[in-house]
Amino acid sequence: MSQPYRIFGAELSPYSVKVRSYFRYKGLRYHWIIRSAAVQEDYNKYAKLPIIPLVVTPQDQGIQDSTPIIEHLESLYPEPSIHPADPAAPHPRKSLPPLNIVNRVGSDDVFAPQTQAFAERLETLSPEGLIIQAAPCGCSCR
Ligand SMILES: N[C@@H](CCC(=O)N[C@@H](CS)C(=O)NCC(=O)O)C(=O)O
(Lines give C-alpha, C1' and ligand atoms only; values in the text may rest on other atoms or scores of the structure.)
Protein backbone atom coordinates (compact mmCIF):
# COMPACT_ATOMS: atom_id res chain seq x y z
CA MET A 1 0.00 0.00 0.00
CA SER A 2 1.36 3.45 -0.87
CA GLN A 3 2.28 6.04 1.70
CA PRO A 4 -0.49 8.38 2.80
CA TYR A 5 -0.53 11.97 1.63
CA ARG A 6 0.73 14.53 4.10
CA ILE A 7 -1.08 17.79 4.68
CA PHE A 8 0.86 20.53 6.44
CA GLY A 9 -1.73 22.90 7.77
CA ALA A 10 -3.34 24.53 10.78
CA GLU A 11 -6.72 24.14 12.41
CA LEU A 12 -7.53 27.81 12.02
CA SER A 13 -6.34 28.11 8.43
CA PRO A 14 -9.43 28.02 6.21
CA TYR A 15 -7.50 26.85 3.18
CA SER A 16 -5.93 24.01 5.17
CA VAL A 17 -9.31 22.91 6.48
CA LYS A 18 -10.75 23.14 2.97
CA VAL A 19 -8.14 20.70 1.69
CA ARG A 20 -8.55 18.40 4.69
CA SER A 21 -12.32 18.39 4.09
CA TYR A 22 -11.62 17.23 0.58
CA PHE A 23 -9.44 14.36 1.78
CA ARG A 24 -12.14 13.32 4.25
CA TYR A 25 -14.84 13.49 1.63
CA LYS A 26 -12.79 11.38 -0.77
CA GLY A 27 -11.70 8.90 1.88
CA LEU A 28 -8.07 9.46 0.95
CA ARG A 29 -5.44 8.49 3.50
CA TYR A 30 -3.54 11.43 4.90
CA HIS A 31 -1.48 12.57 7.82
CA TRP A 32 -2.43 15.96 9.18
CA ILE A 33 0.70 17.80 10.25
CA ILE A 34 0.33 21.04 12.13
CA ARG A 35 2.86 23.48 10.80
CA SER A 36 5.25 24.41 13.57
CA ALA A 37 8.94 24.97 14.19
CA ALA A 38 9.29 21.25 14.83
CA VAL A 39 8.34 20.37 11.24
CA GLN A 40 9.70 23.47 9.52
CA GLU A 41 12.69 21.69 8.02
CA ASP A 42 10.49 19.04 6.43
CA TYR A 43 8.02 21.70 5.28
CA ASN A 44 10.86 23.67 3.65
CA LYS A 45 11.87 20.67 1.57
CA TYR A 46 8.59 20.78 -0.34
CA ALA A 47 7.16 24.29 -0.04
CA LYS A 48 7.83 26.76 -2.82
CA LEU A 49 5.75 29.45 -1.11
CA PRO A 50 5.58 30.19 2.63
CA ILE A 51 1.92 29.21 2.88
CA ILE A 52 -0.28 26.41 4.10
CA PRO A 53 -1.75 24.08 3.15
CA LEU A 54 1.10 22.15 1.66
CA VAL A 55 0.28 18.66 0.42
CA VAL A 56 3.07 16.14 -0.04
CA THR A 57 2.09 13.28 -2.31
CA PRO A 58 3.00 9.61 -1.84
CA GLN A 59 5.47 10.24 -4.69
CA ASP A 60 7.17 12.85 -2.50
CA GLN A 61 6.04 15.90 -4.45
CA GLY A 62 4.88 19.11 -2.79
CA ILE A 63 1.73 20.81 -4.04
CA GLN A 64 0.42 24.18 -2.89
CA ASP A 65 -2.60 26.40 -3.41
CA SER A 66 -5.80 24.74 -2.29
CA THR A 67 -7.78 24.90 -5.52
CA PRO A 68 -5.03 23.51 -7.76
CA ILE A 69 -4.37 20.86 -5.08
CA ILE A 70 -8.00 19.78 -5.21
CA GLU A 71 -8.18 19.95 -8.99
CA HIS A 72 -5.09 17.76 -9.22
CA LEU A 73 -6.54 15.20 -6.81
CA GLU A 74 -9.91 15.31 -8.51
CA SER A 75 -8.25 14.32 -11.78
CA LEU A 76 -6.71 11.32 -10.00
CA TYR A 77 -9.76 10.39 -7.91
CA PRO A 78 -12.88 11.46 -9.80
CA GLU A 79 -15.28 9.49 -7.58
CA PRO A 80 -17.15 10.49 -5.55
CA SER A 81 -17.34 13.70 -7.50
CA ILE A 82 -17.18 17.00 -5.70
CA HIS A 83 -19.62 18.44 -8.19
CA PRO A 84 -23.33 18.18 -7.42
CA ALA A 85 -25.16 15.71 -9.64
CA ASP A 86 -27.73 18.35 -10.41
CA PRO A 87 -26.03 21.63 -11.25
CA ALA A 88 -29.38 23.38 -10.87
CA ALA A 89 -29.84 22.22 -7.25
CA PRO A 90 -30.52 25.04 -4.79
CA HIS A 91 -27.41 26.54 -3.31
CA PRO A 92 -26.93 25.20 0.24
CA ARG A 93 -26.23 28.67 1.57
CA LYS A 94 -29.91 29.43 1.06
CA SER A 95 -30.87 26.81 3.60
CA LEU A 96 -28.06 27.57 6.07
CA PRO A 97 -27.72 31.31 5.93
CA PRO A 98 -25.61 31.88 9.06
CA LEU A 99 -22.83 29.74 7.76
CA ASN A 100 -20.50 30.25 4.92
CA ILE A 101 -20.77 27.22 2.82
CA VAL A 102 -19.80 26.74 -0.73
CA ASN A 103 -20.94 23.85 -2.83
CA ARG A 104 -18.10 23.92 -5.23
CA VAL A 105 -14.46 23.70 -4.50
CA GLY A 106 -12.49 26.73 -5.41
CA SER A 107 -15.07 29.32 -4.59
CA ASP A 108 -13.76 32.31 -2.76
CA ASP A 109 -17.08 32.77 -0.99
CA VAL A 110 -15.72 32.29 2.45
CA PHE A 111 -16.79 34.00 5.60
CA ALA A 112 -17.02 33.65 9.27
CA PRO A 113 -19.14 30.81 10.58
CA GLN A 114 -20.86 31.13 13.94
CA THR A 115 -18.23 29.05 15.62
CA GLN A 116 -15.25 27.03 14.60
CA ALA A 117 -16.64 24.03 16.46
CA PHE A 118 -19.88 24.08 14.50
CA ALA A 119 -17.99 24.36 11.24
CA GLU A 120 -15.79 21.45 12.25
CA ARG A 121 -18.87 19.36 13.03
CA LEU A 122 -20.42 20.12 9.68
CA GLU A 123 -17.12 19.51 7.99
CA THR A 124 -17.09 16.06 9.54
CA LEU A 125 -20.57 15.39 8.17
CA SER A 126 -19.32 16.56 4.78
CA PRO A 127 -22.46 16.06 2.71
CA GLU A 128 -21.94 15.68 -0.99
CA GLY A 129 -20.09 18.56 -2.47
CA LEU A 130 -20.04 20.70 0.63
CA ILE A 131 -16.81 22.33 1.56
CA ILE A 132 -16.96 24.50 4.61
CA GLN A 133 -14.41 27.10 5.36
CA ALA A 134 -14.01 28.96 8.58
CA ALA A 135 -12.62 32.44 8.67
CA PRO A 136 -11.03 34.59 9.86
CA CYS A 137 -8.20 32.42 11.03
CA GLY A 138 -5.85 34.98 12.49
CA CYS A 139 -3.09 34.05 10.10
CA SER A 140 -2.48 35.91 6.90
CA CYS A 141 -4.67 34.30 4.30
CA ARG A 142 -4.02 35.26 0.74
N1 LIG B 1 -4.34 30.64 -2.31
C2 LIG B 1 -3.82 29.87 -1.20
C3 LIG B 1 -3.90 30.71 0.05
C4 LIG B 1 -3.23 30.01 1.24
C5 LIG B 1 -3.09 30.97 2.40
O6 LIG B 1 -3.42 32.15 2.34
N7 LIG B 1 -2.66 30.41 3.52
C8 LIG B 1 -2.45 31.20 4.69
C9 LIG B 1 -3.10 30.54 5.89
S10 LIG B 1 -4.87 30.45 5.70
C11 LIG B 1 -0.98 31.27 4.99
O12 LIG B 1 -0.29 30.27 4.91
N13 LIG B 1 -0.49 32.47 5.33
C14 LIG B 1 0.90 32.65 5.68
C15 LIG B 1 1.18 32.24 7.07
O16 LIG B 1 0.23 31.96 7.83
O17 LIG B 1 2.36 32.18 7.41
C18 LIG B 1 -4.62 28.59 -1.05
O19 LIG B 1 -5.76 28.55 -1.53
O20 LIG B 1 -4.09 27.60 -0.52
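The entries below go from the whole chain to single residues.

**Ground rules.** This is a predicted model: I read local features only at pLDDT of at least 70 and side-chain atom pairs only at pLDDT 80 or more, while totals for chains, interfaces and linings use all residues. Residues are numbered from 1 along each chain as its sequence is written.

**Whole chain.** I listed the elements and got four helices and six strands. Helices (H or I, at least four residues) and strands (E, at least two) are DSSP runs, numbered from the N terminus. Along the sequence the pattern reads β-α-β-α-β-β-α-β-α-β. I then checked burial: 29% of the 142 residues count as buried. The cut-offs use C-beta atoms placed from the backbone: 20 or more others within 10 Å is buried, 12 or fewer is exposed, and in between is partly exposed. Next came contacts with a separation of 6 or more, and 60% of these are between residues 24 or more positions apart. A contact here needs C-beta atoms, placed from the backbone, within 7 Å.

**Sheet.** In what order do the strands of the open sheet lie? I found four strands in the order β2-β1-β3-β4, with mixed pairing. Strands β2 (30-34) and β4 (62-64) are at the edges with a single partner strand each, so one side of each has no neighbour in the sheet. From one strand to the next, the twist averages 25°. Two strands pair if DSSP finds at least two bridges between them. Strands of a sheet pair through backbone hydrogen bonds, either parallel or antiparallel.

I went through the pairs. β1 and β2 run parallel and are joined by five bridges. In that pair, G9 stands opposite I34 of β2. β3 (residues 54-56) pairs with β4 in the antiparallel sense, over three bridges. L54 has Q64 of β4 as its bridge partner. I also looked at cover on β1: four of its five residues are buried.

**Helix α1 on the sheet.** Helix α1 lies across β1 (5-9), β2 and β3, and runs at about 155° to β1. For angles, axes are lines fitted to C-alpha atoms, for helices over the stretch in contact, and values run from 0 to 180 degrees between N-to-C directions.

**α1 against α3.** How do α1 (residues 14-26) and α3 (residues 66-76) pack? Their angle is about 10° and their axes are 10 Å apart. The two helices are therefore roughly parallel to each other. My classes are under 35 degrees for roughly parallel, over 145 for roughly antiparallel, 65 to 115 for roughly perpendicular, and oblique for the rest. On the α1 side I noted Y15, K18, V19 and Y22, which meet S66, I69, I70 and L73 of α3. By class, this contact has six nonpolar, one polar and one charged residues. Nonpolar covers Ala, Val, Leu, Ile, Met, Phe, Trp, Tyr, Cys and Pro; charged covers Asp, Glu, Lys and Arg; the others, Gly among them, are polar.

**Faces of α3.** Which residues of α3 are buried? They are S66, I69, I70 and L73. These four cover an arc of only 90° around the axis, which puts them on the same side of α3. The arc is taken from the directions from the helix axis to the C-beta atoms. Their cover includes α1, β3 and β4. The face turned away carries the exposed residues P68 and S75.

I followed Y25, which sits in helix α1. Y25 is partly exposed, with 18 other C-beta atoms within 10 Å. I82 is 57 residues away from Y25 in sequence, yet the C-alpha to C-alpha distance is 8.5 Å.

Most residues other than glycine have a negative phi, and most peptide bonds are trans. I searched for exceptions. The bond from I52 to P53 is cis, with omega near 5°. P53 is in the loop between α2 (40-46) and β3. E79 and P80 are also joined by a cis peptide bond, with omega about -10°. P80 is in the loop between α3 and β5 (101-102).

D60 has a positive phi, near 70°. D60 lies in the loop between β3 and β4 and counts as exposed, with 10 C-beta neighbours inside 10 Å. D65 has a positive phi near 85°. D65 is in the loop between β4 and α3, and is partly exposed with 18 other C-beta atoms within 10 Å.

Key:
Two residues are in contact if their C-beta atoms, placed from the backbone, lie within 7 Å.
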